[in-house]
Amino acid sequence: MAHPSSSTETASKVWHNGKMVDWADANIHVMSHVIHYGSGMFEGIRCYSTPQGPAVFRLREHIARLHDSCKIYRMEPGFSVDELVEACLEVVRVNGFKECYLRPIVFRGYGSFGVNPMPNPVETYIASWVWGKYLGQEAIEEGVDVCVASWARMHNNTLPPTAKAAGNYLNSQLIKMEAILNGFTEGIALDTTGNVSEGSGENLFLVRGGKLFTPPLSSAVLTGITRDSVIQIARNSGVEVVEQVIPRAWLYIADEVFFTGTAAEITPIRSIDRIRIGAGKRGPLTAKLQDEFFAITSGRREAPGDWLTFA
C-alpha cells in the first residue's frame, strides 16, 4: 500500500508485540511516553533482493544493537534477539517483499505521565517499506555536497551515542535541516571538542595517502553496522584502516570522503563547505568499496561473515 502523503510503498502488515496488524491500525495514544520524552530505541535494516531470495543484511547484529540500546535505557523489550530476528523475517515474508527497509522500534507507551519512564509499558513494533537510495541514486555515483554543521554532536556523557535512541535524532534533525536550507544535501557534525564526528544519520570515512580513516567511538559516533562492514571489507582488501580522532581541517585535504549507513549505504562526498574533495567526484577506493559492498548485498559475492539472512 502507499502512504497517504507519499508514493512510498509501505507494508500491508506491521508486527506488534508478537502479532501482525494492519498498517493503518499500527497506532499509539497521543499521551504515550515516547511522544513526550523521546523514549524509543530503533533500528534501520535493509533487506536486499538476491537470486536466492530476499536477504536481510546483518540482521542479528542490528537486533543485538537494539537490545544494547534498550539495556542502556533500562528498557526491557520483552522479546529475545532470536525472537525479533524471526519476527523481522516474518514481516518480509508476510508482506511479500523482494527488498525493503525494516524498522524495528521499542518504546515506552501509554501509562504514567511524567519524566520517569519505568512505570510505562514497553511496546515493540516492526514496520517495513520500500526505500530507495537515501541520498538519491545519483549520489551513489556522483557524490553529494555537504557542509560542516554549526550544531555539535552530543557529548558521550550527555546522551549516549552508542544507543540508537529516538531522542538523539532531534540533534540529527537540526544538522539535516540546516544543511538543506543552506543548499547542501547533508551535514557533518563535530563532537564537543571540535573534532569530526558523523553525519546526521551516517558514519564518516576519509581517504588520505592510501589509508582509510574513521572517527573512533569516543568522537560521539554510533556503532554503525555498515561502518563495521566497510572496515572489514577494506582490511580484507589489504587497505589499512585507522580509527583515530580526526580534526576538521582533515576533511578539506582528504583524497576521498564518504558516508556509510544502512540508509545511505556507501555515498561519496564530492565537496565540503564548497571545497572540492579530491577530483570532485567518487574516488577509486570509494568505488572499490562500493563494488565489494553491493556484490555482497546482492548475493553475488561471499561475505566475510554470516551477513545475509534469507527470509
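In which strand is the place of Thr260? Thr260 is found in strand β14, which spans residues 256-261; helices (H or I, at least four residues) and strands (E, at least two) are DSSP runs, numbered from the N terminus. The model is predicted, so that local features need pLDDT of at least 70 and side-chain atom pairs count only at pLDDT 80 or more, whereas totals for chains, interfaces and linings use all residues. Residues are numbered from 1 along each chain as its sequence is written, and side-chain values use heavy atoms, with hydrogens and water left out.

Thr260 has a relative accessible area of 0% and is therefore buried, a term that denotes under 20% relative accessible area, with exposed meaning over 50% and partly exposed in between (1.4 Å probe, protein chains only). Residues up to four places away in sequence being set aside, Thr260 touches Glu202, Asn203, Phe205, Thr226, Arg227, Val230, Glu265 and Ile266; contact means heavy atoms within 4.5 Å. The C-alpha atoms of Thr260 and Glu198 lie 9.6 Å apart, with a separation of 62 residues in sequence.

Strand β11 (residues 203-208) runs antiparallel to strand β12 (residues 211-214), and 3 bridges join them; strands pair if DSSP finds at least two bridges between them. Within this pair, Val207 stands opposite Leu212 of β12. The two strands form a hairpin with 2 residues between them, and Gly209 in the turn has a positive phi of about 60°. Strand β12 also pairs with strand β13 (residues 241-243), here in the parallel sense and over 3 bridges, and Phe213 has Val242 of β13 as its bridge partner. Together with helix α6 (residues 225-236), β12 and β13 make a right-handed β-α-β unit. A crossover is right-handed if, with the strands pointing away from the viewer, the path from the first strand over the helix to the second runs clockwise.

The structure holds 15 salt bridges, each defined as a side-chain nitrogen of Lys or Arg within 4 Å of a carboxyl oxygen of Asp or Glu. One of them joins Glu43 and Arg65 at 2.7 Å, N to O. This pair links distant parts of the chain, 22 residues apart, with Glu43 in the loop between β3 (40-42) and β4 (45-50) and Arg65 in helix α2 (residues 59-72). Glu43 counts as buried because its relative accessibility is 0%, and Arg65 is likewise buried at 7%.

In a further salt bridge, the closest N and O atoms of Arg270 and Glu142 are 3.9 Å apart. Arg270 belongs to strand β15 (residues 265-272) and Glu142 to helix α4 (residues 137-142), 128 residues apart. Arg270 is partly exposed at 26% relative accessibility, and Glu142 is partly exposed at 45%.

Glu243 and Arg227 form a salt bridge with closest N and O atoms 2.7 Å apart. Glu243 lies in strand β13 and Arg227 in helix α6, so this pair ties together parts that are 16 residues apart in sequence. Glu243 is partly exposed at 40%, whereas Arg227 is buried at 6%. Salt bridges that share partners also join Arg58, Glu61 and Asp228 into one network.
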